[in-house]
Amino acid sequence: MQEPCRSCSHTLGDHVTHLENVSEEEMNRLLGIVLDVEYLYTCVHKEEDADTKQVYFSLFKLLRKSILQMGKPMLEAQESPPFEKPSIEQGVNNFVQYKFSHLPSKERQTIMELAKMFLNQINYWQLETPSQRRQRVPNDDAAGYKANYTRWLCYCNVPQFCDSLPRYETTQIFGRTLVRSVFTVMRKQLLEQARQEKDKLPPEKRTLILTHFPKFLSMLEEEVYSHSSPIWSQDFLAGASGGLIPIHTVISAPPVARPLYYSPSPVSVDPTTCGSVSPARKTASVLEPNPVGEKRKPSEPLPHEENKRPRVVGDIPMELINEVMATITDPAAVPETSLLSAHSARDEAARHEERRGVIEFHVIGNSLNQKPNKRILMWLVGLQNVFSHQLPRMPKEYITRLVFDPKHKTLSLIKDGRVIGGICFRMFPSQGFTEIVFCAVTSNEQVKGYGTHLMNHLKEYHIKHDILNFLTYADEYAIGYFKKQGFSKDIKVPKAKYVGYIKDYEGATLMGCELNPSIPYTEFSVIIKKQKEIIKKLIERKQAQIRKVYRGFPVLRKESGRFPSRAFPAFVCETGWKPIGKGKELKDPDQLYSTLKTILQHVKVSNRYQPTLASHPNAWPFMEPVKKTEAPGYYQVIRFPMDLKTMSERLKSRYYMTRKLFMADMQRIFTNCREYNPPESEYYKCANLLEKFFYTKIKEAGLIDK
């Protein structure tokens, strides 16, 4: 602080004497405003639109004034939010109540999903500038639109990247006037986007987006532009259900009004350098799935389903598993694998070094709230040197800024007191993901499993903090490493969650990794190794059992034409073969057809053709093919559906040439039902009862042994 100031002859300490008694919390707040001023300064110089530039400059002066006066930034305006009542969110709530309150709950839930989707788009929407709107709609109320545009910038858009300004949601502070100004263009662009991306949609979303959403927008458009619509009245009363539908705006990833034009350097980007320097504006897609309120998919097991699931025939007894476990955990029985063995895990050497205390792992970062720690600062400098040396294409200033940024943390790998590698990352808890910025190990310590062990420690660290997704950008040199660590190009995080939070780098591939909280990643290779040993031991035990030698064939005499089955003990004992008893095939096709037809009629409910036949009360769920509307996702879970109507058609066309084909189709009906439905459901019980009835009839017909 004794160094001379560059602008005058005073020392630097003379310029900060007024900050001596300022608390750390207040100092951090002022530093945050300084960062926002730098962003706005860049925006002012890069923005081309005059109206937007004026708003940026006004906010720039406001924040600079707050720093000089050491106060909080307060927007000086004649009105404060909300600017119109009812709000857009309230109006859409009223619309759902007004138009769809009479629908059944299932159809009403679909309408609610569409309403949430629309509110999402309003919050994400990029308003056109007043000059663009004047060119498109010359006769529109230009002054009114400009006022709303300025409010939108100040209260909704700029605060998304300037944390020192208060932020509001568009649908909560604006009303009918703003919706009218954007609805026509918004509706056209959303529908066009849906048509272009229809092939990318999952089947269950395609009908919702392409069929129901256009109808929903058309009905809403009538209420938006109607002068007598009751949904925009503050006196609107909810229907008989007594209360509004709780459609809350879902903001996953706030977009930014204008690009911030803040880039470290035009040079090529390193694979793992995806630091979020500034938000980038991208319009949210209407096709993005809504992460809120998703129903449990039918394929997901119920919490108690595992306990009720019967043991599968052929399961290995737990007693045998425990016995084998005792043998593989005995050091005398299983020799330790050499670290140089081809069968050893990639991180095995690193794990052994960590146990012996040779290497250590620490999550560190620069902090504005705590006193500087000399050791941590030395490690941060060491990490900066490792990243700069291993990532030569990255500007050193950029690396330094992110490593020492308080918002970023680094998992450091320490060996003999010095840094030999690390992973720099930034966590976004509200969005449910972490962005990996840099990942490197010094060159003379590579190919020792440190990279894999680093990533495994990072995964466990995030599981403890309830963040289960990683995102990173990788070039062609780093894709292989990330694939080995479980990353893929199939991003599980919805696009709306990360757009505006991470920077899109040209020439790099976005990769993601979804973590499983039940996996101990640092010990995962040990677990896999034990599982392999268990399987190996079980195979050895089974081989010891089946190596029993039976006596050979008896002397074959030429005059002997046939031999009894007991003459081949190995065949009888090992295959479980039994002579055909009563359950024999009917060789006469007509007799088989008649028998199967009678059985099928007994299983089905009585019909007008044979009203005298006995009916079964549990056959009603299986009479016809399952409808997609009644069982969502059924055909994603069940690959080979079957029903009694299809069996009747197959029987009529003489498809069933043997009893086995008939029995296989009938059994498939019961198996499919039990696979899709939980054990306590009515369908599950019907399947069990009808299956028992079916096999009773099969035995009565003599097709299987009693």
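Guide: In this predicted model, rings of Phe, Tyr and Trp (its six-membered ring) count as a pair if their centres lie within 6.5 Å.

Visitor: By this rule, how many aromatic pairs are there?

Guide: The cut-off concerns ring centres, which must lie within 6.5 Å. Applied to this model, the rule gives a count of 28 aromatic pairs.

Visitor: Are the rings of Phe470 and Phe487 stacked or edge-to-face?

Guide: Both Phe470 and Phe487 are buried. Planes under 30 degrees apart count as stacked, and those over 60 as edge-to-face. The centres of Phe470 and Phe487 are 6.2 Å apart and the planes stand at 20 degrees, so the pair is stacked.

Visitor: How many residues apart in sequence are the parts that Phe95 and Phe216 tie together?

Guide: Phe95 and Phe216 form an edge-to-face pair, with 5.5 Å centre to centre and 80 degrees between the planes. Phe95 belongs to helix α3 and Phe216 to helix α9, so the parts tied together are separated in sequence by 121 residues.

Visitor: Over which ring does the charged end of Arg650 sit?

Guide: Arg654 lies over the face of Tyr593, at 4.0 Å from the ring centre. For Arg650, the charged end is 4.5 Å from the centre of the ring of Tyr655.

Key. Residues numbered from 1 in each chain as written. Predicted model: local features only at pLDDT ≥ 70, side-chain atom pairs only at ≥ 80, totals over all residues. Heavy atoms only, no water. Helix = DSSP H or I, 4+ residues; strand = E, 2+ residues; numbered from the N terminus. Buried < 20%, exposed > 50% of the residue type's maximum accessible area, 1.4 Å probe, protein only. Lys NZ or Arg CZ within 6 Å of the ring centre and 35° of its normal.
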